[in-house]
Amino acid sequence: MGEMEWVQQVSHSLDNMVNTSTEADRWKKRSIYRGPSCVTDLNKKSYNPQAVSFGPYHHGEEHLQPMEDHKHRALLHFLKRSSKPIQFLVESLAEVVQDLKDSYDSLDQKWQNDTSSFLKLMIVDGCFMLEILRTATHTMDDYAANDPIFSEHGRLYIMPYIRRDMLMLENQLPMLGLDNLLAIESDKAKDPELINKLVLKFFSTSSPGSGMGKCLHVLDVFRKSLLHEGPSHRKSRRHRKVTLEEIERGEEIIRSATELDEAGIRFKKSRTQSLKDISFRGGVLKLPVIIVDDTTESMFLNLIAFERLHVGAGNEVTSYIFFMDNIIDQARDVSLLHSRGIIQSALGSDKAVAKLFNSLSKDITLDPDGPLYSVHKRVNQYCRKSWNEWRANLIHTYFRNPWAFLSLIAAVFLFALTIAQTIFTIYPYYHPSGSGSDSSSPSPSGLLPAKHPPSHH
């Protein structure tokens, strides 16, 4: 491209540039993103689906092709059960097809130009996802008992892989499409809470599902369930901005769990499992219970990526991971939290759990205006009190290593023996044993030099 041609192109783009409000509306529609290579290259397996593709980003990949036949079969079951022709689904999604396209960031021109293929993709993948979600309700009886996906065998051996793939940012379907498909099937008005409840039941979360409102996709529903505190636990949180001086002093960094324990801080389980339910009061640090298994890494990485890429999503999950990475340095920190019932691990070793949290926090930062800052500040202030610092130093120096502890005991014992020996040496001099006669008792005057009488000349 020549210089003049580029100048003309920029001038043309400038003349047709949309205003700020229009541009804001366009960004607002985006909710599904391709992870940037600087993020995904660190752990590609955690961002790329292994069993099934949902949406356009990974559609057609060779290793995912076997699931396409099962998608088509699920579509037929969906249509037969609803007694609706396929045309109804096409017409319903065609009305919102541009909104569905706008939900995807950096959508390939192939899908932008071929609306028919895009609609087919949304219908086939959407119906398959709804059928997958319904397996948790145990209400579908029109599949064969030996169906490879929708049988008990499939729920046991295939669903765990599908469940993991459904929580990947690049593998999402817009909730708008799922709502429309479900409304056509049931002849009812769109109910976002119904989809939310299906998602939460499928992922076996403790969140009730109601009150979440409109969500963007399955990953968004799952994220909100991790942060849901319930009306009785919602409190207004006041935080202030962190000053540069506080950052330089390390105010935003918290010590490891073992060091906090040495400083006298006790760990307890929070009342809820919300990742936001972290508090510190009266020397007690309360943390939500977390179950760590083989899917934890992929789940958190995709949640962090969503918060990083979607403006307005919040940063609660990222802040939680940052906090946990601070208090977990080594296996003994995990062991301590496990003994308090805060971490329940299925990974096999405390070292693996510590390595997991340390790897999750790579290239993430804590929002200086986030709610966890006040927790950091109160914990650090508690640890800096003279008595707590002295206690922590004593335990760190003498009580971590059994040999150091034995040396301390030996030193105290020898010191006690020295004092006892000194007492037994001095005591007989001042309190000798005997008949108690005055002549045997030294008088104070006996300790003074004798006075000679004056001589007379």
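This is a predicted model: local features need pLDDT of at least 70, side-chain atom pairs count only at pLDDT 80 or more; totals for chains, interfaces and linings use all residues.
Q: Now to helix packing. At what angle do H6 and H12 pack, and how far apart are their axes?

A: The idea is to read the angle between the two N-to-C directions together with the distance between the axes. For helix H6 (residues 86-94) and helix H12 (residues 175-186), the angle is about 140° and the axes are 10 Å apart. H6 is therefore oblique to H12, because an angle has to be over 145 degrees to count as roughly antiparallel.

Q: Is the crossing of H6 and H12 left-handed or right-handed, and which residues make the contact?

A: The crossing of H6 and H12 is right-handed. On the H6 side the contact uses Phe88, Leu89, Ser92 and Leu93, while H12 brings Gly177, Asn180, Leu181 and Ile184.

Q: How do H9 and H13 pack?

A: Helix H9 (residues 115-134) and helix H13 (residues 192-202) meet at an angle of about 60°, with axes 8 Å apart. That angle makes H9 oblique to H13, and the crossing of these two helices is left-handed. Look for Leu130, Ile132 and Leu133 of H9 against Ile195, Leu198, Val199 and Phe202 of H13.

Q: What about H13 and H14?

A: H13 also packs with helix H14 (residues 218-227), at an angle of about 70° and with axes 10 Å apart. Here H13 is roughly perpendicular to H14, because angles of 65 to 115 degrees fall in that class. Asn196, Val199 and Leu200 from H13 meet Val218, Val221 and Ser225 from H14.

Q: Let's turn to charges. How many salt bridges does the structure hold?

A: In general, side chains of opposite charge can pair when their charged atoms come close. This structure holds 17 salt bridges. One of them joins aspartate 142 and arginine 81, whose closest N and O atoms are 3.2 Å apart.

Q: Which parts does the pair of aspartate 142 and arginine 81 tie together?

A: Aspartate 142 belongs to the loop between H9 and helix H10 (152-157), whereas arginine 81 is in helix H5 (residues 66-82), so the pair links parts that are 61 residues apart in sequence.

Terms used:
Residues are numbered from 1 along each chain as its sequence is written. Side-chain values use heavy atoms; hydrogens and water are left out. Axes are lines fitted to C-alpha atoms, for helices over the stretch in contact, and angles run from 0 to 180 degrees between N-to-C directions. Helices (H or I, at least four residues) and strands (E, at least two) are DSSP runs, numbered from the N terminus. Angles under 35 degrees count as roughly parallel, over 145 as roughly antiparallel, 65 to 115 as roughly perpendicular and the rest as oblique. A crossing is left-handed if the near helix is turned anticlockwise from the far one by less than a right angle, and right-handed if clockwise. Contact means heavy atoms within 4.5 Å. A salt bridge is a side-chain nitrogen of Lys or Arg within 4 Å of a carboxyl oxygen of Asp or Glu.
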